[in-house]
Amino acid sequence: MTTNKSSNIAKAPRKLSLKENYALMTRDLGWQPSYQSVDKIFPHDHFEGIKIHNWEGWEDPFRLTMDAYWKYQGEKERKLYAIIDAFQQNNGQFNVTDARYINTLKLFLTGVSPLEYAAHRGFAIAGRAFRGVGPRVACQMQAIDELRHVQTQIHTISHYNKFFNGLHDFKHMHDRVWYLSVPKSYFDDAMSAGPFEFITAISFSFEYVLTNLLFMPFMSGAAFNGDMATVTFGFSAQSDESRHMTLGLEVVKFILEQDPDNVPIVQKWLDKWFWRGYRLLTLVAMMMDYMLPKRVMSWAEAWEIYFEQNGGSLFRDLERYGIRMPKYHEVATKEKNRLSHEAWATFYNYTAATDFHTWVPSSQEMNWLSEKYPETFDRYYRPRFEFWRERQQQGKRFYNPTLPMLCQTCQIPMIFTEPDDPTKICYRETEYRGEKFHFCSDGCKDIFCDEPEKYVQAWLPVHQIYQGNCFLPDADPTAPGFNPLAEVLRYYNLNVGHDNGDYADSPDRRNWEQWTGRPGAPVEEEEVGKAA
Amino acid sequence: MQVDIKTTSVTQLRHTFSNVARRLGGDRPASRYQEATFDLQPEVNFHYRPLWDPRHELYDKNRTRIVMRDWYAFTDPRQYYYGTYTIARSRQQETMEKNTAFVETRGLLRTLPAEAHASLTERLLPLRHVEWAANMNNCQITALGWGTAITQATMYHTMDRLGIAQYLSRIGLLLDGNSGDSLAGAKRVWMEEADWQELRRYVENSLVIEDWFELFVAQNFVLDGLLYPLAYQHFDARFGAEYGPTLSMLTNFMSSWFDETRRWVDATLKVAAAESEHNAALLGEWVARWTQAAVEALKPLAPRILGGDGAAILETLVAELRVRSEKIGVRA
């Protein structure tokens, strides 16, 4: 060895703090370019008007180097896939409460998993856009994490797809099916904005403020209903999620601390993305109250805990930056006792055109709803469900064959009621360039009015159907007996009679009962009485 | 497939997702790679044009001049999805961790003579900045590319480049006993030394390439194709001959990584070139243009890194790259 010849008598290596180590390993990698201008290399991080004076002010909360990342994540993946393998070998899909539960997975795989993919791409965009090294690396880490999430979700649910309908073409449907334009447009909106708005929208408003209302219901719902595969990926993703949530808070504080001019811009985004996110969660609300055979808690309870209490204290903390509660949060609170009921009733109407089944809640379930919603359920919603049940028993299950008017912003049908009157549908409208646009709420109208040139571009499924853009190339609207609805379902690649319609007479239910010998839905007391 | 549960027989309804079945030509069992890759990126019915690029849709095939009938022809020969990727890297990482600990506890780098320190600081460590740009470039491709087959692989490549930049930083810290002096020295070399400036120019120019497929060529095929063998093969061997195998233990990841990833880089260009004359010609044009630029960039640097025969070695490497290029149907 050359050691003895060395003239450079080495001192013992200095101990580095985690912070110093990370700074040396990562942040010092950047440089001031001289052959191209900085603005040309980073063309997208100033048009939004956010002023950053010192990118070094970004404190990376995790200081995760790649070798540590590979080590932890590789270990997590080994464990996760071992459990998925075991789940498949043991036919774990038959351990869930009943086959109605699978419909939450359909909603998840078609509505949520593609958003994980969108997040992956969105964070890749942000991970290139910021001229500061710290936020860029943090975004890249999240970009690859999100890819993990979509892929592990596909691999977990892949097994359910082999035994149940409605899951088989999730990405194709995400791009086409009417109600899936709600989650899709939400993410398209964030990704088509600038990088600061994207990260405020997704990392803060969604991951930090609202994620507990998305992830918790699906994952606890899975646990309550015996879906161990989904619980496992939920747990496995949790440590990623906590990193992402921390990023969300860090990023907003960083932006706010950099310049007072940033405050009104951020406040506007917080208002917008609170409302966008809340409207998106309508789907989760109905899932919690209607789709889980064993319920975790009601939507109203979840809203109270995760938004009114937790969100409230978060925004109190942000007051020192000049930030207030998001606009219309009080409307969301007024709506909490109606949201899920209004949504489920709508999907019950239009289930001929959905990739999951709907059903009238059982008597016990209606009692649960009465108990959780003492002020609203018996008064406004129970009579409607009982009426539908009666019709169904007479062999006249109600399917709504018309198409609903959609809100131009959130793209949900105009089903919501006036903040102070649950019996009156809320309609708002405005004019832009001589055309009329319609909204479900003041929140959605305000968002439109701030950027009308953006929201007029929305790909509204109902408009698109009427314009003839949702047919396959071989469809001929001039042919005799042309059935537009059937043609739209063909465009969706919806397997009619299997993927859609009421759960009661679905192949999913029949198969479940045949394969497991267990009831596919709660046995009604009156039926038990009759049988006896 | 028949699965028996107790006494009831269960008939599986389908083997895979419909989009995968369409690609396999029927409902057949599919691999995890296929289910996690095919058609994952949204393709139609976008809502809003990006504020940062209103000329294009959010995802848009026209962000490159390469034209493909099917962008999922670019399957990854390594079949990497996130799980297989991280598990593979975590294994490599374990080896590196052991190697680093071995070098660190014995002070194998720190106790090398001053000339060796200078050599690493001036010849190898500035490459961490090249890796940093390679990280950004692959992130750009991931952000703007079309089709998950390519963009997931470039996502892994993005993080790999960050990892390699950090492995290089670690060599610096092993060298300077964690003072960071060697990294500061290397950065000075990168910013100021004349022999490095043409490479820095190439790298900064790559950061503003608009066509993401061209960027793929300029970074992953041309520059890496010349610089990796130059640094991790020739310089490594030269340094090893003088100072023993310590450095090779610390660059082990880089050499095996290059061998692994070039299979994917080559497969990607091969598929694009085989698609059409148009693509093949375009790729040929890009490879020629960027090879010429890279040769300009490396001409002063190769002798600086490799000494007297640096120029000759560079010529060999360029010839090798040409062979590699022709083998995959790209005539530059």
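**Exercise 1. Handedness and geometry of a helix pair between chains**

Determine the handedness of the crossing of H3(A) and H3(B) in this predicted model, then describe their packing.

*Solution.* 
Step 1. H3(A) and H3(B) cross in a left-handed sense.
Step 2. List the residues that make the contact. H3(A) supplies A:Asp67, A:Trp70, A:Lys71, A:Gln73, A:Gly74, A:Glu75, A:Glu77, A:Arg78 and A:Tyr81. H3(B) supplies B:Gly83, B:Thr86, B:Ile87, B:Arg89, B:Ser90, B:Gln93, B:Met96 and B:Glu97.
Step 3. Sort them by class. The contact of H3(A) with H3(B) has seven charged, six polar and four nonpolar residues.
Step 4. Take the angle. H3(A) packs against H3(B), residues 82–105 of chain B, at about 130°, and the axes are 8 Å apart.
Step 5. Classify the angle. Angles over 145 degrees count as roughly antiparallel, and 65 to 115 as roughly perpendicular. H3(A) and H3(B) are therefore oblique to each other.

**Exercise 2. The side of chain A that touches chain B**

How many residues of chain A are in contact with chain B, and which elements carry them?

*Solution.* 
Step 1. Count both sides. Chain A brings 78 residues into contact with 80 residues of chain B.
Step 2. Find the elements of chain A that give two or more residues. They are helices H1 (18–25), H2 (38–41), H3 (66–89), H5 (113–129), H6 (133–161), H7 (170–174) and H8 (181–192).
Step 3. Pick the main contributor. H6(A) gives the most, with twelve residues.
Step 4. Divide the side of chain A by class. There are 30 nonpolar, 27 polar and 21 charged residues.

**Exercise 3. A helix pair within chain B**

Work out how H9 and H10 of chain B are oriented, and which residues join them.

*Solution.* 
Step 1. Locate the helices. H9(B) covers residues 212–243, and H10(B) covers residues 246–275.
Step 2. Read the geometry. Their axes come within 10 Å and cross at roughly 155°.
Step 3. Classify. That angle makes H9(B) roughly antiparallel to H10(B).
Step 4. H9(B) passes H10(B) in a left-handed crossing.
Step 5. Name the contact residues. H9(B) uses B:Asn220, B:Phe221, B:Tyr228, B:Tyr232, B:Asp236, B:Phe239, B:Gly240 and B:Tyr243. From H10(B) come B:Thr246, B:Leu247, B:Ser248, B:Thr251, B:Met254, B:Ser255, B:Phe258, B:Val265 and B:Leu269.
Step 6. Sort by class. The contact of H9(B) with H10(B) has ten nonpolar, six polar and one charged residues.

**Exercise 4. Surroundings of A:Ala190**

Which residues does A:Ala190 touch, not counting those up to four places away in sequence?

*Solution.* 
Step 1. A:Ala190 belongs to helix H8 of chain A.
Step 2. A:Ala190 counts as buried, because it has 25 C-beta neighbours inside 10 Å.
Step 3. The residues touched are A:Gly122, A:Phe198, A:Ala201 and A:Ile202.
Step 4. Check one pair. A:Ala190 and A:Ile202 are twelve residues apart in sequence, and their C-alpha atoms are 7.4 Å apart.

**Exercise 5. Overall form of the chains**

Describe chain A and chain B by elements, extent, burial and contacts.

*Solution.* 
Step 1. Count elements. Chain A has 24 helices and four strands. Chain B has 13 helices and two strands.
Step 2. Take the extents along the principal axes. The C-alpha trace spans about 95 × 60 × 50 Å in chain A and about 75 × 55 × 40 Å in chain B.
Step 3. A compact globule of 532 residues would have a radius of gyration near 24 Å, and the 25 Å of chain A agrees.
Step 4. Compute burial. In chain A, 50% of the 532 residues count as buried. In chain B, 52% of the 332 residues do.

Key:
Residues are numbered from 1 along each chain as its sequence is written. Chains are lettered from A and ligands numbered from 1 in the order in which they are written. This is a predicted model: local features need pLDDT of at least 70, side-chain atom pairs count only at pLDDT 80 or more; totals for chains, interfaces and linings use all residues. The radius of gyration is taken over C-alpha atoms; the globule rule is 2.2 Å times the number of residues to the power 0.38. A residue is buried if 20 or more other C-beta atoms lie within 10 Å of its own, exposed if 12 or fewer, and partly exposed in between; C-beta atoms are placed from the backbone. Two residues are in contact if their C-beta atoms, placed from the backbone, lie within 7 Å. Axes are lines fitted to C-alpha atoms, for helices over the stretch in contact, and angles run from 0 to 180 degrees between N-to-C directions. Angles under 35 degrees count as roughly parallel, over 145 as roughly antiparallel, 65 to 115 as roughly perpendicular and the rest as oblique. A crossing is left-handed if the near helix is turned anticlockwise from the far one by less than a right angle, and right-handed if clockwise. Ala, Val, Leu, Ile, Met, Phe, Trp, Tyr, Cys and Pro count as nonpolar, Asp, Glu, Lys and Arg as charged, and the others, Gly among them, as polar.
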